[in-house]
Amino acid sequence: MTSIKQPGEKNLMLFSGRAHPELADEVAEHVGVSLTPTKLIDFANGEIYARYLESVRGCDAFVIQSHTGPINKWIMEQLIMVDALKRASAKRITVVMPFFGYARQDKKGRGREPITARLMADLFKTAGADRLMSIDLHTSQIQGFFDGPVDHLFAMPVLESYLKNKLDLETTTVVSPDTGRVRLSERWADTLGTPLAFIHKRRDLDVANSVKVSEVVGTVQGRTCVLIDDMIDTAGTICKAADALYEQGATNVIVAATHAVFSDPAVDRLKNSQISEVVVTNTLPLSETSRFDKLTVLSIAPLIARAITEIFQDGSVTSLFEGDS
């Protein structure tokens, strides 16, 4: 079954790009539909062609694509798929991007810089998207860049559920690796009932992915520390933060992050670090070479599927995180 119909001919159809087919298949299984057959090919010069092999007229379309490497190709593919749906008379188009590409470029830190996250939102709106769905945006303000509904999902319940069974909360401290993640870490600390600490760091604005850790603020001595972040890219921030925690007397450091970007040399850094476990979700695909003994990957597919179902049935996405709403 490639669609679900409700009274009044309401019709859910699920589409996937080629970036992360395993996640799309898992989401489709949880929703209870099959992915709509789609022809996606690359021409010799690199141009992307998309065509749907079934009628999509009047459907409630959900287009899933993870913005992984090569990131520009997969973003362009999703834009083309949305344009094809609009021109094929889909009734409502929801773009599902578990990881929002370019989300870190959400403001101007210095003169003559772009705000590329806003450009991304504009591109999807122009292509024909009526709604966006993403998980753990780099900053919540990105929701305001899109002229339409944005469903901001949180991986925290998935990660917390796993960690609660491993931690002695009496001796655990939640740690933010920088001041930008303090609000997220506060939510974790409130939910788990643990103290909160954070690490003050400085970046070299002229060198990408360059971090200098300054000091730890909070009590971590003799405690298990859970470092919280939205993504791990080159792992420089996380590994230096873990080193700083051990220097302050932490007995154990666990990392919990939503998006495993794992750009080189992230895997080598994490393998060779003092971190005892790295817990991430499968918002992005991980090759076999990106997996290592200390890595735990949790599935985000059930959460995405529940959100898709709520949207299709005109329910409440907020209820997934705050109870009945």
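Once neighbours within four places in sequence are left aside, isoleucine 308 is in contact with Leu12, Leu14, Val27, Val31, Phe62 and Met133, where contact means heavy atoms within 4.5 Å. The structure is a predicted model, in which local features need pLDDT of at least 70 and side-chain atom pairs count only at pLDDT 80 or more, whereas totals for chains, interfaces and linings use all residues. Residues are numbered from 1 along each chain as its sequence is written, and side-chain values use heavy atoms, with hydrogens and water left out.

Ile308, together with Val27, Trp188 and Ile304, has the most contacts inside the largest nonpolar core, which has 40 residues; such a core is a set of buried Ala, Val, Leu, Ile, Met, Phe, Trp, Tyr and Cys residues joined through side-chain atoms within 4.5 Å. Helix α8 (residues 301-312) gives the most to this core, with eight residues. A second, separate core of 32 residues includes Ala84, Ala90, Phe124 and Phe145.

Under "binding site", an unreviewed UniProt entry lists Asn45, Gly46, Glu47, Arg104 and Gln105, and such annotations may be inferred rather than shown by experiment. These positions span 61 residues in sequence, and their farthest two C-alpha atoms are 29.8 Å apart, so they do not all gather at one spot. Arginine 104 lies in the loop between β6 (92-97) and α3 (116-127), helices (H or I, at least four residues) and strands (E, at least two) being DSSP runs numbered from the N terminus. Glutamine 105 is also placed in the loop between β6 and α3. Arginine 104 is partly exposed, with a relative accessible area of 42%, and glutamine 105, at 33% relative accessibility, likewise counts as partly exposed (buried means under 20% relative accessible area, exposed over 50%, partly exposed in between, with a 1.4 Å probe and protein chains only).
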